Amino acid sequence: MTELIDGNAVAEQIRTDLQDSIETLADAGVRPGLATVLMSDDPASETYVSMKQRDCEEVGIEGIHVEIDEDAPAQELYDTIDDLNADPEVHGILVQMPVVEQVDKRRVLRSVDPEKDVDGFHPENVGRLVAGDARFKPCTPHGIQKLLEHHGVETEGAEAVVVGRSDIVGKPMANLFVQKEPLGNATTTVCHSRTADLAAHTREADIVVAAAGVPEMIDGEMLKEGATVIDVGINRVDADTEKGYELVGDVDFESAKETAGAITPVPGGVGPMTRAMLLYNTVKAAGAQQG
Ligand code: GUN
């Protein structure tokens, strides 16, 4: 039987585990604060940010949301980040990606205070992650590590294939897999759009992390029997539904589950874990900023 990896259940556990730290901070008069900043009219981004704000409310984190008109000058975003950096009640700052084209993305990543960079995207934090001294692990790869841990999937000595080389998922995932630490020690391959023979790699993998943003690109034929399959894709494809679309992963679930030993669904797999680890990083940031 293929095991279904339930991200909602593991995320709930992580939120519950956070309560102790949130209470300890409350005893010291501190309520963790997370600012989300959205400068985009992408409906998916709007949904993600509103879910992140709802999560904050549920666990006792102060959510602050700043929305900037997509046509506004980039300076408005840079000024917003400066203000949030200076605000002692804001412990974490997340600028939802992608940002509109007039904005210099690299400047945004550099300008968030590294101690408030709960995404782990600031160059200093990327460097620390690569050096094995992470301050904040990026939320999606960290969430995937937690999913693997909760399901007893051994990474040490495993062949891990990461499909996709984004700064948000693929690269940090590969970096975590190669670290000399309990949820690392995997032999790691990163595949991407120029990989000559993707299936030749995925068929050797004990763990496949699909994060390329291509709907249903990985099917059961491309997997090793019993592999653990983690699907990061959340692709909106046209469909005859009320909303006019449906969400599909980067993995063809029906086909892949015939071969996989364990697999995450979309939705309800990686997505809730990304959100849970954002809460985790925010509480960690609030604790670290107390002196
Ligand atoms: N866009 C897609 N995933 C993420 C994420 O984890 N953080 C931010 N800031 N933007 C995203």
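Modeller: The shell around the ligand divides into 5 nonpolar, 3 polar and 1 charged residue. Ala, Val, Leu, Ile, Met, Phe, Trp, Tyr, Cys and Pro count as nonpolar, Asp, Glu, Lys and Arg as charged, and the others, Gly among them, as polar. This is a predicted model, in which local features need pLDDT of at least 70 and side-chain atom pairs count only at pLDDT 80 or more, while totals for chains, interfaces and linings use all residues. Residues are numbered from 1 along each chain as its sequence is written.

Colleague: Which residues surround the ligand?

Modeller: L94, V95, Q96, M97, D119, C139, T140, I168 and T274 surround the ligand; a residue is near a molecule if its C-beta atom, placed from the backbone, lies within 6 Å of it. Helices (H or I, at least four residues) and strands (E, at least two) are DSSP runs, numbered from the N terminus.

Colleague: From which domains does the shell around the ligand draw at least three residues?

Modeller: Both domain 1 (29-116) and domain 2 (139-272) supply at least three residues each. These bounds come from an automatic or database domain assignment. The C-alpha centres of domain 1 and domain 2 are 27 Å apart.

Colleague: What does UniProt list for residues 138-288?

Modeller: The unreviewed UniProt entry lists "domain: Tetrahydrofolate dehydrogenase/cyclohydrolase NAD(P)-binding" there. UniProt positions are given in the numbering used here, feature names are shortened, and annotations may be inferred rather than shown by experiment. Residues 138-288 are 32% helix and 19% strand, with end C-alpha atoms 17 Å apart. For residues 5-119, the unreviewed entry gives "domain: Tetrahydrofolate dehydrogenase/cyclohydrolase catalytic". That span, 5-119, is 50% helix and 14% strand, and its end C-alpha atoms lie 24 Å apart.

Colleague: Where does UniProt place the feature "binding site"?

Modeller: The unreviewed entry puts "binding site" at G164, R165, S166 and I234. Of these, S166 is in the loop between β5 (159-163) and α7 (170-178), and I234 is in the loop between β8 (228-231) and β9 (235-238).

Colleague: Why does S166 count as partly exposed?

Modeller: A residue is buried if 20 or more other C-beta atoms lie within 10 Å of its own, exposed if 12 or fewer, and partly exposed in between, with C-beta atoms placed from the backbone. S166 has 17 C-beta neighbours inside 10 Å, so S166 counts as partly exposed.

Colleague: What makes I234 buried?

Modeller: I234 has 20 C-beta neighbours inside 10 Å, and therefore counts as buried. Not counting residues up to four places away in sequence, I234 touches L247, V266 and G271, and S166 touches K171 and A211. Two residues are in contact if their C-beta atoms, placed from the backbone, lie within 7 Å.

Colleague: Why is K284 called buried?

Modeller: K284 counts as buried because 20 C-beta neighbours lie inside 10 Å. K284 belongs to helix α10 (residues 270-288).

Colleague: What is the phi of E216?

Modeller: E216 has a positive phi of about 50 degrees, although E216 is not a glycine. Most residues other than glycine have a negative phi, and most peptide bonds are trans. E216 is in the loop between β7 (207-210) and β8, and is buried because 20 other C-beta atoms lie within 10 Å. N185 also has a positive phi, near 60 degrees, but N185 is partly exposed because its C-beta neighbours inside 10 Å number 17.

Colleague: Which peptide bond is cis, with omega near -5 degrees?

Modeller: That is the bond from V266 to P267. P267 sits in the loop between β11 (262-263) and α10. Another cis peptide bond joins M97 and P98, with omega about 0 degrees.

Colleague: How do you know that the radius of gyration of the chain agrees with a compact globule?

Modeller: The radius is taken over C-alpha atoms, and the globule rule is 2.2 Å times the number of residues to the power 0.38. For 291 residues a compact globule would have a radius near 19 Å, and the chain has 19 Å, so the two agree. Buried residues make up 44% of the 291 residues.
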